[in-house]
Amino acid sequence: MPTVRELTALYENFMLAPRRGPGVCVSCFNLTDGYRRCYACSHRANVLDVVAPISYSVAHEQLHHVLASYKRLTGEVARRLRIQLAALLWRYLDGHEPCVARAAGADAFPVVTTVPSGDRGRDDRHPLRCIVGELVAPTRTRHERLLRRSSANVDARAFDEDKYTTVRPLDGEPILLIDDTWTTGSNAQSAAAALRAAGAGPLAAVVIGRHVNRDWHENDRRLRALDQPFDWTRCALCAQ
Amino acid sequence: MSCAPETAALVALLRAGKRNPTVYADLVEEAGSARAVLDDEQGLLAGQLLDAAAAEVTAWSGQGMELLTVLDPGYPANLRAVHDRPPLIFVAGRLAARDGRAVAVIGTRRPSPSGLDRARAIAQELVACGYTVVSGLAAGIDTAAHTTALAGGGRTIAVIGTGLLCCYPAKNAALQRQIPADGAVISQFWPDAAPSRKSFPLRNAVMSGMALATVIVEATHTSGARTQARLALAHGRPVLLVDSLLDQRWAAELASRPGTHVIRTPAEVPAVVERLTSTRTLVA
């Protein structure tokens, strides 16, 4: 059986660690032209108390391809990608879940849930729930499917408070949301809005890949300047 | 089998060649149709281009080549999972479901006697464990890997840097004709494409993509094997280095990269690949 370290090592050559700094969105770590917040985060509600991306996911490069393929493919190859992504999440949470909790103002997260797909048809068999609920030891005992895509007729890609419904009321408990990819954040923020309306306490999201385009403005130069190989001892939240 | 109109549409897109082939793989997978991308890109010209492409596809099929597009269920599953997969491959012979368990064994064109022995021993161990041996049909280590797999009753896949109708090196023409009986020769290039400086690194990316891992048996700092090691790591696939390489500086540096494993005995190759690619469960 593979160990978490052996599998995460396979991704370290292309993972790119987000870091705070000028021209980095303070909410979601998107690369901006010097703005404090990116366009998406300054034009919709920011319900989440903290967003922690593990790596940048560069359009058309390997991590981006894996984050799309683990949902699209079937069979042995899909299982292999799933177990590799589980290893990334496991290692990140093992080292840095306390950083996420601290940033969200929580002691710990008693409940972990996943952001459902914006597309209802795809949510019934979402492999992310298998990753968080079965493969990742640090989350499997705390995983609960709290959210469902509502029947509201809303754009699958837009932020909407009515996009998701919660399966039960919440009593101020801190909740850790997990998603594979953050592009504009509309799904994760919609999910957070539903949880907050149901009575959730501090809300944090950990995402595997923060989507970026290499050919946008200075992104190529800025992405090249990030550390490689990937350093698991520091995360986007705790790195100086 | 491929849906012929979609195959012809993809050939038409690639012949017009407005963009990098990998971009077409993304566009076609996203749209679920090559025809839709062709119509979008070529408008009124699409029909004419499609007719010309369909004639080419028919001619290639008549020559015994199978064309597989990213839309075909038979497109190799391992290759589908790498970002720079070609949208279309040409196959001589037959790809089998069991070729998902494949390992690339590669190295120098001018091996030492002990390098050849190691290549043969590694190919034998892989075949004994049910793995398909992938290599590049070059002289030296590649030839030893292919011929040992065949001699041991195993399967082998040659990923070549020319079109299927060409052969490089010429002295491997017989091997190129022999492999399709118990495996496949595959190419991402037009069937009449001659070898070029650019084609071999592109071929290395496909070889890495076809395999669960790449083993470098013997190589120097100028070998194409180094290119493949870099590409395999960029695909998130393990690179296995035979320990005798480590007295070279490039190899020692490569061995320090994450995802690289140093191999001391041939039997370690299938054992390490088996452990790293097992999908049963994950441990701390």
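**Notes on the A–B contact**

1. Starting with the contact itself: chain A puts in 29 residues and chain B also 29, with contact meaning heavy atoms within 4.5 Å. Bear in mind that this is a predicted model, where local features need pLDDT of at least 70, side-chain atom pairs count only at pLDDT 80 or more, and totals for chains, interfaces and linings use all residues. Residues are numbered from 1 along each chain as its sequence is written, chains are lettered from A in the order in which they are written, and side-chain values use heavy atoms, leaving out hydrogens and water.

2. On area, about 2700 Å² is buried between chain A and chain B, and carbon and sulfur atoms give 61% of that. Buried area here is the accessible area (1.4 Å probe) that the two parts lose on being put together, summed over both.

3. Now the charged pairs. The rule (side-chain nitrogen of Lys or Arg within 4 Å of a carboxyl oxygen of Asp or Glu) finds two salt bridges across the interface. One of them joins E6(A) to R275(B), at 2.3 Å from N to O.

4. Which elements of chain A give two or more residues to the side that touches chain B? They are α1 (4-9), α3 (62-72) and α4 (75-104), helices being DSSP runs of H or I, at least four residues, numbered from the N terminus. The largest share, nine residues, comes from α4(A).
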